[in-house]
Amino acid sequence: MRSSAVLILLVAARASASAAPSLSTLSLSSFPLPSPLSPTHPGASSSSSPSTPLSRLPPTLLPQSLSPSMPSTSNLASLSSSRSNNSPPSVLPTTTSIRVLTEPGPSGIPIIPYTFAAFPSPSSEPPIQGVYPASSPKLPPPVEIPALAPDFALAWTRAHQKAKAKIESWSLEEKVNITTGVGWENGRCVGNIAPIGDFPGLCLEDAPLGVRFADFATVFPAAINAASTWKRSLLRARGVAMGKEHVGKGVNIALGPMMNIGRVAQGGRNWEGFGADPFLAGVGAYETILGMQSAGVQACAKHYIDSEQENQRKVESSNIDDRTRHEIYVAPFLRSVMAGLASVMCSFNLVNGTYACENNNTLNGILKNELGFQGFVMSDWHAQHSTMSAMTGLDMTMPGDIFFFSNTTYFGTNLTAYVQNGTIPEARVDDMATRILASWYLLGQDSPNYPKTNFNAFLPLDEATNEHVDVQDNHGELVREIDRSSVVLLKNVNDALPLKKPRKLVLIGSDAAPAHIAGPNEFSDQGGVDGVLTIGWGSGTAWFTYKISPYEAFQARARIDHTSFSWFFDDFNLVGAATAAVEQDVAIVFLQSDSGEGYITVDGNVGDRNNLTAWLNGDALVQAVASQNNNTVVVVNSVGPLILEPWIDHPNVTAVVWAGLEGAETGNALVDVIYGAVNPSGRLPYTIAKSPQDYPAQLALGGNGEEILNITYLEGLFVDYRHFDAANITPRFEFGFGMSYTEFEYSDLNLVPVEYIGEGQDGQLEANWLAGKPGPQGVGSSTALWLHRPAFTVSFTIQNTAHVAGTEIPQVYLHFPVGAGEPPSVLRGFTDVELQPGEEKSVSVTLSRYDLSVWDVRSQSWMRALGTYSLSVGASSRDFRLKGTLSL
Ligand SMILES: *[C@@H]1O[C@H](CO)[C@@H](O)[C@H](O)[C@H]1NC(C)=O
Ligand SMILES: *[C@@H]1O[C@H](CO)[C@@H](O)[C@H](O)[C@H]1NC(C)=O
Ligand SMILES: *[C@@H]1O[C@H](CO)[C@@H](O)[C@H](O)[C@H]1NC(C)=O
Ligand SMILES: *[C@@H]1O[C@H](CO)[C@@H](O)[C@H](O)[C@H]1NC(C)=O
Ligand SMILES: *[C@@H]1O[C@H](CO)[C@@H](O)[C@H](O)[C@H]1NC(C)=O
Ligand SMILES: *[C@@H]1O[C@H](CO)[C@@H](O)[C@H](O)[C@H]1NC(C)=O
Ligand SMILES: *[C@@H]1O[C@H](CO)[C@@H](O)[C@H](O)[C@H]1NC(C)=O
Ligand SMILES: *[C@@H]1O[C@H](CO)[C@@H](O)[C@H](O)[C@H]1NC(C)=O
Ligand SMILES: *[C@@H]1O[C@H](CO)[C@@H](O)[C@H](O)[C@H]1NC(C)=O
C-alpha cells in the first residue's frame, strides 16, 4: 500500500466490488453481479414555481379521530455499519443515541381514516408587471437578468389540467401504478415507472453531474466546482448541457441537482452540492434547474431535507429549530421551486424525530404549502417507511420495492387496499398521479418525439437494450470553461504564476497522473483512488468517456516552450520526490482528498472523510519538495476544505491552486490557468480553516445502526463563515476568497430603492412588510412574487487597475440590524465582471424583500427586522471595499 497509489477498496454491505483488474477488492455483497462493466450496486441512489393566490383554501388533511401510532415497519436490513474505529481527534462525537427505532411509528400520523383536498391549483392571473412574463420552463428568463422572477404559474395550471384530464379514465390501480416504482433492477434506469395504457412510463436516472451508467456521455465538473465559478452563466450552461444529455439518453427525470449545505466539512456528499452558503447554493440550484428543464428533462431537487452527513444517514435525526431550517436548509429548495422544479427527492434521515419521507411538516407544510410546490415528491431509494406516507406528502415510491429485491411495496396493492378500506382518500391518490403527470406535461415529455430510453443502466453490454447514443456534442469545451473558471488561486508570491516559459518543470504526486492500472472507470462508482481525483464517489458519479490528466496536458504544453518536462508519481518515496525537484525551475505538487456516499468505503472513509488532511502522504510530499525547490507550486484536488497549515507559510511554496473536482478536462483547465491563458477568478464556496475545531459543526460519530442518532444543529444560523465572523476566528482562507493575476478597485456605491410598488394586494403586502408586520401564510406564501421581486438596487463601479485582463466576482454581504439574531454578514448577491486592463464598468445587483427578511417563527412568515440595515460590497466575506446603509 505504501508503495502504491492504489488504495484498497472496501465495499460496504450493500455495495459490491468493481471488476477492476488486479485490485485488492473485497466484496461483501450477496447480490448477483451483472456483467463486468456493469454498474454493480448503485445502492441507495443519490441519494420550485409560481406563487398562488393566498386567498384560496388550504388543504384539509385532518385525522378524523386520534389513535396511538403503529409500530414501525422500517427496514434495518439495508443499513451499513462498517465504520472504522480509529477516528482521529478532529472528529468529535457530539450526540447520543436515545430512541429505539422500532418503538414509535415512523410516519408521524396514525393509521386512521383521513380526508383530503388538493392544495389549490396554481394561479393563472396575469403576470405582475416588472417580473418575467408567464412562461414555460422550456423558455426560462435570460441568465443575464437574474433579478427577474419567472412566473411559471400558467404553465403549471395547464399541465395540471392535462394531467387531470388524463387520469379521468384511469382506474384506481392505474393511478396507484404511476406512483409505484417497478422495483430495483426491474427496468433499464435506476428508477422506473411502468407504462400505463398509452402513457409510456418514466425513466429516472442519476446524476447531478452527468448521465450515470451511460456511455458516450460527459462527466461535468462537480457542483461544488460549478459553484466556485460564481458565474450564473456557467451554472446555467452546465444545466442546459446536462439536461440535453439526459434527454438524449431518454431519461425523463434526472436525479439532481443536490443542494445540501455542507454543514459539516467532512460530509461525504458535500461535493455534489453548491457549497456552504444558502444564497450561493440557491443560485446554483436555481440556474441548474432552469438550465436542465429548458432542455426538457425534469429536474429533481434533493435531498429534502437536512441530510448533511453519511454516517448513520438512515438512522439519524437532524434536529433543527424552525428558523434555521427555513433560512439555511430550505433556502435552495425555495429557489428550486421558483425555477419551476418538477420533482423533489426526500432524504433518508429523520427530521426532528420523523423520517423525511413521512414528514407532514416538511413535505405538506413547508414544501407544498409554504413554497407552493406543484410537482411531485419521490422517496430516496428505500427511504419510505409506510403506506401512510401518502398522507404526509410522498407522491412516488422509489425504486418501488420495500428493500432491494423484496417483491413487496408500500404503495402498489397496499395503497389500493388503504384506499378501498377508507383510510387514504382516493382524492389523495388522484393528487399523487396528477402531480406526477403534470410534471411530465410541464416539460412537454408527452411529445411523441421525446426520446425513448436507449441505454440500460444494469446491463451495459446488452446490445439489445443499449444503442450507445453519443450525447456529448461539444460539451467538453464547456467542461473546460467551467473548470478553468472554477480554479481558485489561494497563494501567489512574487508572481510565481502564471508560468513564463520555464526551462525545467516537474510534476510530483500520483494526483498528477492518469490512473496507472485501469483507465478512468477503474472503480465501481469511482470508489477508489488511482491517479488524478476529478469527482468523488457514489451514486452522484458517471462514467468517463475520457479524462485528461495533468500529466498529459502539461507535457503537451511544455513542448511548445521546449521545456524540459519530468514527473515523479510515487507519493510515499519522499527522498525520490525531493531529488526530482532539485534544480527544477518549478515543481508542481498535486494533492488530493476524496469522499463520497456511505455505501462505499475507501481507505477506511465510510463516505464522510475521517479527517481534513491530505490523502496519500500529501503534506509530507509538499514539505519534501519545498525543502529542495524554492518555486514549489501546490495544486489541490479536494472534495472540500483541507487543513493546509503544515506547509502553507513555507517560503518555498510560492503558489497554491485550488482545483476542486473538475471532471474530464482537469489537465487542460489547469494548464489554461497555470500558464495564464486564463486569469483565475474562482472563489471558495466554503471556508478553509486553520484547525478542524474552528468549524461550527463536527461530523456526528457513533450510532449502532439500530437506534436513532440524534444530531442537534446547535450552531443554528452560524454555518461556515457566519460562525468564523461571529466568533472572531481567523480562517486560513475565508469564504468567497480567491486571487487574480490582476487587481481591481471598487468605487461609487449607490443604494437605491426600486420605485415600483405593487398594485392592489401586493402593494398592501409590501407596505405591511415595511411596517414590520407579519407576512401572509398560505399556499405559495414563501415564493410569492411580491416577496422576491427587486426592492433595492446596489450599484457600484469596478476597475481593472493592473496589466492583464481578468474577471472580478464582487460580492454583496448584508449586515442585519443589531438584535435581529443574524450572523454579522450574510451573502445576498454577487456577479461576475470581465475587465480589460484599465477598463471600468458599472455593476448592479438587486436585493428582494426576501433577501432582507428573517423567518419569524411565531407568525410563520418572512418579516423585516427593525433597525438599521447596512451592507458591504467586496472581494470576499472579509475583504470589504465599500460600505453603505439601506434606508428602508
Ligand atoms: C399495475 O402494476 C402491477 C404490478 O407491476 C401489474 O401487475 C399490473 O398489471 C399493473 N396494472 C395496470 C392496470 O397497469
Ligand atoms: C426540532 O429540534 C430542535 C432542536 O432540538 C428544536 O429546537 C425545535 O423546537 C424542534 N422543532 C420541532 C418542530 O419540534
Ligand atoms: C399536515 O400539513 C398540512 C399543511 O401544513 C396541515 O394542514 C395538516 O393539518 C397537517 N396534518 C397533520 C395530520 O398534521
Ligand atoms: C422476488 O421474486 C424473484 C423472482 O420471482 C425471486 O427470485 C426472489 O427470490 C423474490 N425475492 C424475495 C425476497 O422473495
Ligand atoms: C404491504 O406493506 C407491508 C408493510 O406495511 C409489507 O409487509 C407487505 O409485504 C406489503 N404488501 C405487499 C403486497 O407488497
Ligand atoms: C385498512 O388497512 C390497513 C392495512 O391493512 C389497516 O392497517 C387499517 O387498520 C385498515 N383500516 C380499516 C378502517 O380497516
Ligand atoms: C486522513 O485520511 C487519509 C485518507 O484515509 C489518510 O491517508 C491520512 O493518513 C489521514 N490523516 C491523518 C492525519 O490521519
Ligand atoms: C528552499 O529551497 C532552497 C533550494 O532552492 C533550499 O536551499 C532551502 O533550504 C529551501 N528552504 C526551506 C525553508 O526549506
Ligand atoms: C531559487 O533557486 C534558484 C536556483 O535553483 C536561484 O537561482 C534563485 O535565485 C532562487 N530564488 C530565490 C527567490 O531564492
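Let's start with a helix pair: α1 (residues 153-167) packs against α11 (residues 426-442) at an angle of about 125 degrees, and their axes are 8 Å apart. That angle makes α1 oblique to α11. Please keep in mind that this is a predicted model.

**Helices α1 and α11**
- The crossing of α1 and α11 is right-handed.
- On the α1 side, the contact is made by A155, W156, A159, H160, K162, A163, K164, K166 and I167.
- On the α11 side, D430, A433, T434, L437, A438, Y441 and L442 take part.
- Sorted by class, the contact of α1 with α11 has 10 nonpolar, 2 polar and 4 charged residues.

**Around ligand 8**
- The residues around ligand 8 are A626, S627, Q628, N629 and N630, together with P651 and N652.
- By class, this shell around ligand 8 has 5 polar and 2 nonpolar residues, with no charged residues.

**The sheet β21-β22-β27**
- Here you will find an open sheet of 3 strands in the order β21-β22-β27, with antiparallel pairing.
- β21 (744-753) and β27 (840-848) stand at the edges and have a single partner strand each, so one side of each is left without a neighbour in the sheet.
- On average, neighbouring strands of this sheet are turned by 20 degrees against each other, direction ignored.
- Strands β21 and β22 (residues 790-800) run antiparallel and are joined by 8 bridges.

Note on methods. Residues are numbered from 1 along each chain as its sequence is written. Chains are lettered from A and ligands numbered from 1 in the order in which they are written. This is a predicted model: local features need pLDDT of at least 70, side-chain atom pairs count only at pLDDT 80 or more; totals for chains, interfaces and linings use all residues. Axes are lines fitted to C-alpha atoms, for helices over the stretch in contact, and angles run from 0 to 180 degrees between N-to-C directions. Helices (H or I, at least four residues) and strands (E, at least two) are DSSP runs, numbered from the N terminus. Angles under 35 degrees count as roughly parallel, over 145 as roughly antiparallel, 65 to 115 as roughly perpendicular and the rest as oblique. A crossing is left-handed if the near helix is turned anticlockwise from the far one by less than a right angle, and right-handed if clockwise. Two residues are in contact if their C-beta atoms, placed from the backbone, lie within 7 Å. Ala, Val, Leu, Ile, Met, Phe, Trp, Tyr, Cys and Pro count as nonpolar, Asp, Glu, Lys and Arg as charged, and the others, Gly among them, as polar. A residue is near a molecule or strand if its C-beta atom, placed from the backbone, lies within 6 Å of it. Two strands pair if DSSP finds at least two bridges between them.
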